[in-house]
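Subject: Structure handover

Hi there,

Here is the structure I promised to pass on. Have a look at it first, and my notes on what turned up follow below.

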Amino acid sequence: MKKKQAKRKAKRPAARKARKAGKRSAGKSRNGLRLGLNLFLWSGQTNDSLLPVLERVKKWGFDGVEFPLFHTDEAVYRRVRAKLDELGLGATGCTVALPDKNPIADSPEVRQAGIQHLKDMLRMCNLLGADVLCGPLCAPVGGLVGRGRNQEEWQRAVAALREI
C-alpha cells in the first residue's frame with residue numbers, strides 16, 4: 001500500500017508543474033480520473049463572459065470544462081481556445097437535439113437540420129480542442145416523454161450518426 005501512495009505522490013509534482021506552465025492536462029489525475037466542471041452553471045452559450053470563469057475554474061483545481069455548444073461563431077471558440085491553452089485546461093462539449101434540429105424527426109428537413117447541427121457542433125469542438133461531444137444528441141430533451149423510442153426513430157438515429 002505504501003508503494004502505491006509513494007508512486008502517486010511522485011506523479012503529482014509533475015502534473016502540478018505542467019499545470020503551472022500552462023500545459024493542458026493530457027494525463028490522468030485523482031486516482032486515474034480527470035475532473036471537469038460544466039459551464040452551464042454560468043451560461044447557456046459559449047461566449048466571452050466565460051473567460052474569467054475559466055480562470056476561476058483553473059484556480060479551483062479542475063482539469064477541464066464542459067462547454068454548452070449551440071452557435072457557430074468561430075471567433076468566440078478561437079478566443080476561448082486560446083484561454084484554455086493559456087490555462088492548461090482541457091475541454092469537452094455538450095449540445096442537444098433541438099425541436100427544429102432533430103435527427104430522428106418525421107420530417108426529412110428537420111432530420112437534415114439535426115444532422116447539420118451535430119456536424120457544426122463537432123466542428124466547434126475541434127476549434128475548442130475538445131475531445132468529447134456529449135448530450136442527448138438524437139432526440140430533443142423531453143421529446144419522447146412517456147415513451148421510449150420506436151424502431152423507426154432508432155433507425156433514423158443510427159443513420160444520422162453514421163452520416164456524421
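Let me start with glutamate 163, which is partly exposed at a relative accessible area of 39% (buried means under 20% relative accessible area, exposed over 50%, and partly exposed in between, with a 1.4 Å probe and protein chains only). Before going on, please note that this is a predicted model, in which local features need pLDDT of at least 70 and side-chain atom pairs count only at pLDDT 80 or more, while totals for chains, interfaces and linings use all residues. Residues are numbered from 1 along each chain as its sequence is written, and side-chain values use heavy atoms, with hydrogens and water left out.

Back to glutamate 163: its partner in a salt bridge is lysine 119, with 3.5 Å between the closest N and O atoms (a salt bridge is a side-chain nitrogen of Lys or Arg within 4 Å of a carboxyl oxygen of Asp or Glu). Because glutamate 163 sits in helix H5 (residues 151-163) and lysine 119 in helix H4 (residues 108-128), the pair ties together parts that are 44 residues apart in sequence. Lysine 119 is partly exposed too, at 29% relative accessibility.

Now for the other salt bridges. The whole structure has 11 of them. One joins the side chains of arginine 81 and aspartate 85 at 3.4 Å, N to O. These two residues are four apart in helix H3 (residues 74-87), so about one helical turn separates them. Arginine 81 is partly exposed at 28%, and aspartate 85 is partly exposed at 35%.

Another salt bridge pairs glutamate 153 with arginine 147 at 2.7 Å, N to O. Here glutamate 153 is buried, with 9% relative accessibility, whereas arginine 147 is partly exposed at 41%. There is also a network of salt bridges that links Glu74, Arg78, Asp120 and Arg123.

As for the chain as a whole, five helices and four strands make up its secondary structure (DSSP runs numbered from the N terminus: helices are H or I with at least four residues, strands E with at least two). From the N terminus, their order is α-β-α-β-α-β-α-β-α. Of the 164 residues, 37% are buried. Among contacts with a separation of 6 or more, 74% are between residues 24 or more positions apart (contact means heavy atoms within 4.5 Å).

Best wishes
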